[in-house]
Structures are given as structure tokens and as C-alpha cells.
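Student: Please take me through the aromatic rings in this structure, one by one. I would like to know what lies around them and how they relate to the rest of the fold.

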Amino acid sequence: MKYLVTYWSQTGNTKKVAEAIFAALPGEKTLKPFDEIETLEGFDLTFIGYPIKQFGLPQAAKKFITAYADGKTIAVFVTHAMMTQSDDQQQQFLLARELDKCRTACLKSNLIGLFHCQGELSEKTANDLLASNIPTLMEFAAMRPHTVGHPNREELVQAKDFARTITRNFIAP
């Protein structure tokens, strides 16, 4: 089996998860950011990672998936600033909606798994959101203290477990 772990990371959150997934993979494997990838040919399974930004996939992820993932077997991993263990129904609804967008972006691929975890909302992004004077964005920025330190050790262990489960259950076509 030949694996590729590829990602786009603006602040380093998604890169940490990519490195955890890469470390858990057996056999022949490659770890590269999106901008170093020219094709997914030759890989049996590709893990594609990116952050959720502005309530959706960043343009880099959309372009990458469209250009390379059609017809390929992939697993997706994403980071986001929302708390995954929240009783806030609105936040859980928003998170579910964003994860659905991630799945929808991969409709032309053979998506065999999706992992997500909280990432740290950068101070710059939080300040930009606060400066917007848009109540919803300002409320989102106020969550920053709850994001500091993510992805944490437990989340990175979960990312490794995700990779092990996917590879254990994966049978190449």
C-alpha cells in the first residue's frame, strides 16, 4: 500500500494533524503540502487535510479536491475552531453543516472517512472578526480562549487512531 498525506495549513493546526496521521500510517508513505503535489496517481489512498475557514472550505482545498481527487480513494481531515464537545445546539448545527460541506466537496471521490478536531483560532483572525462589527462573527471571535492549545495531545491521538482504522479497513481496488 502506498499512502499520501497532503494538507493546507495556514496557522499550523492542520499540519500537526497531518503529521500525526502520517506517523500512524504503515508502509510506504509520503507527507507533502498541497502546493508540492502534482498528481495523486500512484497512491492507493490519500489523506487530504485543511482547516474550515469562513464557514466553509478554503479556496486552496476546493481547488485541490477539484483538480486531483475525482475518482480517487480519499480520507479527509479538517480542523476548525468550534468545540466538538459542546452542549450548544447552534454550534453543533454549524459544525455539522460545515462537515457536510466537506463531504459534498468530495462527491466525485471515493470518500472513506472524515476526521475533524478543534484547532486554535489565531489571535489575528479573532481580532479581525472582532473588528468586523458583525455580531455573529464577534461572538465567534469570543470563543478564542476555548481554542488555545488545540489540537491537543488527545486530539492528535484520535487523529492517529483515525488513520489506523482507515488503513486497517481499507482494501485497495
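Tutor: In this predicted model, Lys29 sits over the face of Phe22, 4.7 Å from the ring centre. Another lysine is placed in this way: Lys2 lies over the face of Phe43, at 5.2 Å from the centre of that ring.

Searching the whole structure gives four aromatic pairs. One of them joins Phe64 and Tyr68, with 4.9 Å between the ring centres and 50° between the planes, which makes the pair tilted. These two residues are four apart in helix 2, so about one helical turn separates them. Phe115 and Phe162 are both buried. Ring pairs also join Phe34 to Phe64 and Tyr68 in a cluster.

The largest core has 29 residues, and the members that touch the most others are Ile48, Tyr50, Ile65, Val78 and Phe140. At least two residues of this core come from each of strand 3 (45–51), helix 2 (59–69), strand 4 (73–80), helix 3 (89–104), helix 4 (123–131) and helix 5 (135–141). Apart from this core lies another, of 20 residues; Phe115 is one of its members, and Ala18, Ala24 and Ala159 are also among them.

Cys102 brings up the cysteines. The whole structure contains zero disulfides. Cys102 is in none, and its nearest cysteine sulfur, that of Cys106, is 7.5 Å away. Seen from Cys106, which is likewise in no disulfide, the nearest cysteine sulfur is that of Cys102, at 7.5 Å. A pair would have to lie within 2.5 Å to count as a disulfide. Cys102 is buried, with a relative accessible area of 2%, and Cys106 also counts as buried, at 2%.

The chain has seven helices and five strands, and along the sequence they follow the pattern β-α-β-β-α-β-α-β-α-α-α-α. Of the contacts with a separation of 6 or more, 78% are between residues 24 or more positions apart. Among the 173 residues, 43% count as buried. The C-alpha trace spans about 50 × 30 × 30 Å along its principal axes. The radius of gyration is 16 Å, which agrees with the value near 16 Å for a compact globule of 173 residues.

Definitions and conventions. Residues numbered from 1 in each chain as written. Predicted model: local features only at pLDDT ≥ 70, side-chain atom pairs only at ≥ 80, totals over all residues. Heavy atoms only, no water. Core = buried A, V, L, I, M, F, W, Y, C linked by side-chain atoms within 4.5 Å. Buried < 20%, exposed > 50% of the residue type's maximum accessible area, 1.4 Å probe, protein only. Phe/Tyr/Trp six-rings, centres within 6.5 Å; stacked < 30°, edge-to-face > 60°. Lys NZ or Arg CZ within 6 Å of the ring centre and 35° of its normal. Rg over C-alpha atoms; globule rule 2.2 N^0.38 Å. Contact = heavy atoms within 4.5 Å.
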